[in-house]
Amino acid sequence: MPPGEGITKKLVRGEHLLQKGEDDEAIQYFDKVLPRLKSSEGPTGSNRLPVIIEGVQYPGETIFVPGNWWHGVQNLDLTIAITQNFCNEGNFDKVWMRTRKGRKKLSVRFLAKLKTHHPILYKRAVQMNQRDNFIMWDKRDKYKARFAKKSKKINKNPEGGAQQEDAKEEESSNDTISSSSSSSSSSSSSSDSSSASSSDAEDNGERQRPNSSNNRSFDPDSSDLDS
């Protein structure tokens with residue numbers, strides 16, 4: 001669903017339509033909540049969600065999801081999907097501001113990588129921090145010891161440590177980055193909706209795994225990158 005006034009996370013998730021004994025698990029959402037949401041809030045209902053785009057993605061196809069769009073995916077078969085988040089000079093400011101705010105570990109690692117590989121963007125990030133009086137998480141007294149401890153772990157295991165830390169953070173975050181394109185190796189049905197959220201530039205190369213029992217995945221958290 002494209003971004004729009006009043007299209008909030010709560011609305012897109014259909015929390016107001018949950019009935020007794022239901023929750024927002026993927027199978028409940030696709031089987032019960034989404035049909036109610038389309039009926040009551042879609043074009044034929046209240047029109048609070050005037051555009052709801054649905055489609056089937058076949059093996060080898062790629063879907064581009066613009067920044068700030070909500071999206072949910074239901075796997076129709078055993079599926080491996082690769083999701084990539086996009087950030088460049090055009091959307092960097094917004095990506096950085098959202099990343100530094102919502103992703104402590106990722107923002108620190110992201111800034112370090114920028115300093116090495118993209119010094120111009122690193123300088124811009126530092127200037128934005130100074131402008132907003134934003135102190136990076138590893139420089140705050142409350143988190144200094146924690147970051148120092150994690151840094152030692154990564155140095156001891158330089159090959160796998162960093163990846164493991166990123167994986168843990170990916171699992172703990174409900175955010176999604178935007179401007180993502182996903183390539184599927186099996187058929188999947190997707191329903192997109194919009195809002196402003198994600199993660200940050202941190203979720204690059206995010207990997208979606210098929211759910212074990214019902215082969216459904218649900219992540220209607222909005223993205224925060226612009227297309």
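Visitor: Which residues form one aromatic cluster with Trp96?

Guide: In this predicted model, phenylalanine 92 and tryptophan 96 lie four residues apart in helix 3 (residues 92–102), so they are separated by about one helical turn. The aromatic cluster that contains Trp96 is formed with Phe92 and Phe110.

Visitor: How many aromatic pairs are there, and is the pair of tyrosine 29 and phenylalanine 30 stacked or edge-to-face?

Guide: The count comes to six aromatic pairs. Tyrosine 29 and phenylalanine 30 form one of them, with 5.6 Å from centre to centre and 85 degrees between the planes. Because planes over 60 degrees apart count as edge-to-face, the pair of tyrosine 29 and phenylalanine 30 is edge-to-face.

Visitor: What is the arrangement of the phenylalanine 92 and tryptophan 96 pair, stacked or edge-to-face?

Guide: The centres of phenylalanine 92 and tryptophan 96 are 6.5 Å apart, and their planes make an angle of 5 degrees. Since planes under 30 degrees apart count as stacked, the pair of phenylalanine 92 and tryptophan 96 is stacked.

Visitor: Why does phenylalanine 92 count as buried?

Guide: A residue is buried when its relative accessible area is under 20%. Phenylalanine 92 counts as buried because its relative accessibility is 0%.

Visitor: Over the face of which residue does arginine 100 lie?

Guide: Arginine 100 is placed at 4.7 Å from a ring centre. The ring belongs to phenylalanine 134.

Visitor: At what angle do helix 4 and helix 5 pack, and which residues of helix 5 make the contact?

Guide: Helix 4 (residues 104–117) and helix 5 (residues 119–131) have axes 6 Å apart and pack at an angle of about 135 degrees, which means that helix 4 is oblique to helix 5. On the side of helix 4 the contact is made by Leu111, Leu114, Lys115 and His117, and by class the contact of the two helices has six nonpolar, one polar and one charged residues. The residues of helix 5 that take part are Pro119, Leu121, Tyr122 and Ala125.

Terms used:
Residues are numbered from 1 along each chain as its sequence is written. This is a predicted model: local features need pLDDT of at least 70, side-chain atom pairs count only at pLDDT 80 or more; totals for chains, interfaces and linings use all residues. Side-chain values use heavy atoms; hydrogens and water are left out. Helices (H or I, at least four residues) and strands (E, at least two) are DSSP runs, numbered from the N terminus. Buried means under 20% relative accessible area, exposed over 50%, partly exposed in between (1.4 Å probe, protein chains only). A charge sits over a ring if NZ of Lys or CZ of Arg is within 6 Å of the ring centre and within 35 degrees of the ring normal. Axes are lines fitted to C-alpha atoms, for helices over the stretch in contact, and angles run from 0 to 180 degrees between N-to-C directions. Angles under 35 degrees count as roughly parallel, over 145 as roughly antiparallel, 65 to 115 as roughly perpendicular and the rest as oblique. Contact means heavy atoms within 4.5 Å. Ala, Val, Leu, Ile, Met, Phe, Trp, Tyr, Cys and Pro count as nonpolar, Asp, Glu, Lys and Arg as charged, and the others, Gly among them, as polar.
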